[in-house]
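Hi everyone, thanks for making time for this.

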Amino acid sequence: MQFSLTDNKSIQKVIDGCLKNDRASQKSLYKVLSPYVYPICMRYGSNQEEAADMMQEGFIKLFRNLGKYEFTGSFKGWCGRVFTNNCIDFIRKKPKLYIVSDENIKEDVSFDISALEKMKVEDLLSVIQTLPTGYRTVFNLFIIEGYGHKEIADILDISEGTSKSQLNRAKKIIQNKIQLLNKQENLRIANL
Amino acid sequence: MEYNFEKHFSDKLKDAKLSPPDELWDDISDNLPEQTDGNASPTILRYGIAAVFAFVLGASSMYLYMNNTFNSESLISSETIEQEQLTYPAIFEKQKQAESDLAKNREEEGVKIVFHQALANSAKIREKRIYPN
């Protein structure tokens with residue numbers, strides 16, 4: 001069964017099938033949707049295994065709640081929010097979420113945007129995964145999902161100040177790592 | 001600089017596409033509930049076979065049980081025959097008469113069979129006398 005994420009008729013058909021637990025419908029939705037929601041899980045998970053667990057939980061929740069989609073916005077966006085919320089729930093269940101990293105952070109980094117431009121999505125995701133869970137979650141919610149510090153504080157049950165400081169630390173760590181990877185790549189190319 | 005970093009990062013990852021490992025679907029489908037409608041024939045077939053099997057098993061056990069009950073009843077009744085003979089002498093007499101009639105008939109049948117066999121034998125003997133060898 002082939003379907004498109006923008007055609008409401010085929011979306012309705014797939015939703016009906018998924019609600020009846022029809023495996024063919026569920027698999028066709030998985031095939032089309034998974035490349036978009038897997039990066040979300042990779043951003044929030046600390047490694048591939050955790051991302052796979054988040055995917056599994058996310059799809060089970062999605063199949064169960066497809067009847068709640070009201071065709072008012074983009075189906076892909078709605079599914080993305082289901083996965084994002086699932087990832088946040090997953091992280092909130094984990095103990096010791098906000099342990100402050102003792103990693104040395106260089107404060108005076110002059111960041112070169114072109115280094116970021118050059119990087120592949122997979123490499124960027126790997127860099128994000130190296131962050132401590134708290135930093136990573138705040139970074140994702142602020143930079144990618146576009147939430148404000150007040151909203152993040154409410155979602156994660158932390159203070160606004162904690163959210164701000166964790167975001168700053170996360171950004172510095174990521175910038176340091178990107179610069180380092182960029183230097184290594186430049187050296188590798190020079191040695192060829 | 002900070003704004004640029006955040007915007008570039010967001011643009012790069014917001015609509016990123018990345019395929020998950022192939023085996024992930026197997027893990028997910030293993031944890032999904034059973035199909036409830038539509039292509040349900042395998043489920044119906046499975047339950048149908050189970051129902052037929054249960055019916056056959058039940059019927060044969062019932063047959064064995066009933067058979068056993070009747071046999072034991074006949075055994076019990078043989079023990080109580082004497083009591084019945086005393087309680088209902090007329091019925092017993094009739095039954096006895098019927099049994100002796102049956103035996104007589106069988107005896108007569110036996111005589112008839114013996115008579116027919118003798119007739120056949122004498123016919124063979126006669127035949128041999130008329131047409132020796």
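This is a predicted model: local features need pLDDT of at least 70, side-chain atom pairs count only at pLDDT 80 or more; totals for chains, interfaces and linings use all residues.

On chain A, 41 residues are in contact with 30 residues of chain B. How much area do chain A and chain B bury between them? It's about 3,500 Å², and 68% of that is on carbon and sulfur atoms. For charged pairs, the count between the two chains is one salt bridge. That salt bridge joins the side chains of B:Glu6 and A:Lys171, at 2.4 Å from N to O. There are also eight residue pairs in polar contact across the interface. On the chain A side, helix 2, helix 3, helix 5, helix 6, helix 7 and helix 9 each supply at least two of the residues that touch chain B. Which helix gives the most? That's helix 2 of chain A, with ten residues.

Now, chain B itself. Its secondary structure is four helices and zero strands. Of its 133 residues, 10% count as buried. One residue to look at there is B:Ser29, which sits in helix 2 of chain B. Its relative accessible area is 16%, so B:Ser29 counts as buried, the cut-off being under 20%. The side chain of B:Ser29 reaches the backbone oxygen of B:Asp26 at 3.2 Å.

Let's go inside. The largest nonpolar core has 69 residues. Among those with the most contacts inside it are A:Leu29, A:Phe59 and, from the other chain, B:Phe9. So what does B:Phe9 touch, leaving aside its neighbours within four places in sequence? The contacts are on chain A, and they include A:Leu116, A:Leu124, A:Phe139 and A:Ile178.

A:Phe59 brings us to helix 3 of chain A, where it is one of the buried residues. This helix covers residues 48-65, so to speak 18 residues, and reaches 25 Å from its first C-alpha to its last, close to the 26 Å expected. At the start of helix 3, a side-chain oxygen of A:Asn47 comes to within 3.2 Å of the backbone nitrogen of A:Glu49. Other buried residues in this helix include A:Met54, A:Met55, A:Leu62 and A:Phe63. What do the buried residues pack against? Helix 1, helix 2, helix 4 and helix 7 of chain A, together with helix 2 of chain B.

Next, A:Ser114, which is in helix 5 of chain A. A:Ser114 is partly exposed, with a relative accessible area of 31%.

Last stop, backbone angles. Most residues other than glycine have a negative phi. Two residues here go the other way. A:Phe71 has a phi near 60°, and A:Asp157 also has a phi near 60°. Where are they? A:Phe71 is in the loop between helix 3 and helix 4 of chain A, while A:Asp157 is in the loop between helix 8 and helix 9.

Note on methods. Residues are numbered from 1 along each chain as its sequence is written. Chains are lettered from A and ligands numbered from 1 in the order in which they are written. Side-chain values use heavy atoms; hydrogens and water are left out. A nonpolar core is a set of buried Ala, Val, Leu, Ile, Met, Phe, Trp, Tyr and Cys residues joined through side-chain atoms within 4.5 Å. Buried means under 20% relative accessible area, exposed over 50%, partly exposed in between (1.4 Å probe, protein chains only). Contact means heavy atoms within 4.5 Å. The expected span of a helix is 1.5 Å times one less than its number of residues. A polar contact is a pair of N or O atoms within 3.5 Å; within protein, one must be able to donate a hydrogen and the other to accept it, and residues adjacent in sequence count only if both atoms are side-chain atoms. Buried area is the accessible area (1.4 Å probe) that two parts lose on being put together, summed over both. A salt bridge is a side-chain nitrogen of Lys or Arg within 4 Å of a carboxyl oxygen of Asp or Glu.
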